[in-house]
Amino acid sequence: MGRIRALTESDAGAVAALFQRVFRRQNTPPPAALLADIRAVYLDDEACAPELPSLVHVEDDGALSGFIGRHVLAMTLDDRPLRMALCSSIMVDAERTGPLSGAKLLKAALEGPQDLSFTDTASDVSLRMWRGLGGLALPQHSLDWVRIVDPAMALLDGAGCRLSFLSHLKPLARMAGRRVRSRVQTDPLRWAAFPNDQKAVTTRTIEPEEFADIFGTCTRHFSLRPAWPAEETARLARQAMTKPAYGEAVIVGMFDRRQTAIGASFYHVRPGSTARVLQLLALPGQEGPVLDAVLVDAAARGASLVRGRMQPAFMNAMLGRRLALVNTGSSIVHSRDEALLEKARSGDAFLNGLAGEQWSRMIGGAS
C-alpha cells in the first residue's frame, strides 16, 4: 500500500534518482548538480514552508516511489491575503508502486491548509487527476503561443535536438533566412507583422529590481494576483535567470514617448534557437505594443522562434500577429472558495510565469 509523508533531507538522493528515471528517462545515477538542485528548490528555498512541505510516497519496504513538490506563494483576492500552494509535476515510479500512487500524492497535496493550489505544468495524466479531485482547468492559461522568426533556422534547430549532426547546417540556414527576409520586406519589421507605430515604444535592458516595480504596476488591476513585496519579485526573477539549457536571460522594459513604463518581458534565448518567454507584463491596453516589442527584441538577438505561455489579458493582442497556439501543459487551480475559482475562470487572475513553476531551476537547468 505504501504511505505519504513530508520530504526530508535524507530523501533528496532518492528524489533526484526518481527525477532522472521519470523525467529524463535515464537509468544512470543522477549527477551531483541535480541532487544540489533538489535540495535547493524543495528543501532550502524561501518559498518552502514547514506547514506545506513537499511530499513523497514511500513503499512498505521503505523505497521512495513518488514525489510532488510544493511551494507557498503569497496571493491576494481583492486585497484579502491568501496562501497559494504551487504544486510541481507529479513523479511516480510505475515499476515500484501502484497506479493510484500519483492520485494519492496529489490528494494529500491539495488537502493542506492553503487557500488555493495551482500548477502550470500538468501533463494529460495529471490533468485527469486534478479534475477528478475537483480541480478547475484554465484553458486560456494552458496555451503556449509560438511565433516563427526564421523558418529555416527554427526547423533546423528543432530537428537538431534529435539529430545533432544537423547543427553543422546552421550557418547555411542563417544565410538563407537573411536572403529571404531581404527580398520580401521593405519595412524591416513587416516580415513579423509588427505595426508601423512600434517606434513609439522604446526598450532597454533592466535589472530585476526595476522589473519588480513594473511587475507590481502591471498586475495590481487583477482581482487574484501575487501579493509580493518588490524584493520578493526581484528574488524570484534572479532565481529564474539561471537556466543554462535555455540560454541567456534577458529582462527588457518597454517605455512610451514620455519614458513611462508600459510593460516588460523576461525571456531566455540562444542565437539561432528558441527565445522562451517566462513573463510578459503590460498595462491594460498596451498588450499589443508589448508583444510586438518582445518579438522585435528577441529577433534582434538572433532567435529563430519565440514562444511563451498565454495570459488571458494578451489573447486579444494575439490576433493578427501570425501566432500559433499549442497546448503542451495545463494550468489548473483547486480551491474550496467558489469566488476565487470564478476569478480564475473569468481570466481576472494573474497566474503562470513567476506566479507558477517557471522560476524554478528544475525547468531549463543544465544539471
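In what order do the 4 strands of the open sheet with antiparallel pairing lie? In this predicted model, the order is S1-S2-S3-S6. Strand S1 (3-6) and strand S6 (91-92) form the edges of the sheet, each pairing on one side only. S1 and strand S2 (residues 55-58) run antiparallel and are joined by 4 bridges, and within this pair Ile4 stands opposite His57 in S2. Two helices lie across this sheet. Helix H1 (residues 12-22) lies across S2, strand S3 (64-68) and S6, and runs at about 85 degrees to S3. Helix H3 (residues 101-110) lies across S1, S2, S3 and S6, with an angle of about 145 degrees to S2.

A further open sheet contains 6 strands in the order S8-S17-S7-S5-S4-S11, and its pairing is mixed. Its edge strands are S8 and strand S11 (224-226), each of which pairs on one side only. Helix H4 packs on this sheet and touches strand S5 (80-87), S7, S8 and S17; the direction of H4 makes about 160 degrees with that of S7. Strand S7 (residues 116-122) pairs with strand S17 (residues 330-334) in the antiparallel sense, over 4 bridges. In this pairing, Ser117 stands opposite His334 in S17. Strands of a sheet pair through backbone hydrogen bonds, in either a parallel or an antiparallel sense.

At the level of the whole chain, the protein has 11 helices and 17 strands. Of its 367 residues, 53% count as buried. The chain exposes about 16700 Å², of which carbon and sulfur atoms supply 54%. Among contacts between residues at least 6 apart in sequence, 73% join residues at least 24 apart.

The average pLDDT of the protein chain is 89, and 88% of the residues score at least 70. Two stretches with a pLDDT below 50 are noted here. Residues 163-169 fall below 50, and beyond near neighbours in sequence this stretch has 4 contacts in the model. Residues 186-194 also have a pLDDT below 50, with 18 contacts beyond near neighbours in sequence. Where pLDDT is low, the predicted coordinates should not be read in detail.

Leu133 is found in the loop between helix H4 (124-132) and strand S8 (136-137). With a relative accessible area of 29%, Leu133 is partly exposed. Apart from its neighbours within four places in sequence, Leu133 is in contact with Ala103, Leu106, Lys107, Leu110 and His334. Lys107 is 26 residues from Leu133 along the chain, and the C-alpha atoms of the two are separated by 7.0 Å. His334, one of the contacts of Leu133, is also the residue of S17 that stands opposite Ser117.

Asp144 is placed in strand S9 (residues 144-148). Its relative accessible area is 10%, and Asp144 is therefore buried, the limit being under 20%. The side chain of Asp144 makes polar contacts with the side chain of Arg309 at 3.5 Å and with the side chain of Thr328 at 3.4 Å. Leaving aside neighbours within four places in sequence, the residues in contact with Asp144 are Arg307, Gly308, Arg309, Ala324, Leu325, Val326 and Thr328.

Ala234 has its place in helix H8 (residues 230-241) and is buried, with a relative accessible area of 6%. Its contacts, leaving aside neighbours within four places in sequence, are with Pro208, Glu209 and Ala212. Between Ala234 and Asp213, which are 21 residues apart in sequence, the C-alpha to C-alpha distance is 8.8 Å.

Backbone torsions call for a separate remark. Most residues other than glycine have a negative phi. Arg322, although not a glycine, has a positive phi of about 55 degrees. Arg322 lies in the loop between helix H10 (315-318) and strand S16 (324-326), and is exposed, with a relative accessible area of 54%. Asn352 likewise has a positive phi, near 75 degrees, in a residue other than glycine. Asn352 lies in the segment after helix H11 (338-346) and is buried, with a relative accessible area of 1%.

Note on methods: Residues numbered from 1 in each chain as written. Predicted model: local features only at pLDDT ≥ 70, side-chain atom pairs only at ≥ 80, totals over all residues. Heavy atoms only, no water. Buried < 20%, exposed > 50% of the residue type's maximum accessible area, 1.4 Å probe, protein only. Contact = heavy atoms within 4.5 Å. Polar contact = N/O pair within 3.5 Å; in protein donor to acceptor, adjacent residues only side chain to side chain. Areas by Shrake-Rupley, 256 points an atom, 1.4 Å probe, with all protein chains shown as cover. Pairing = 2+ DSSP bridges. Axes fitted to C-alpha atoms, helices over the stretch in contact; angles between N-to-C directions. pLDDT = per-residue confidence, 0-100.
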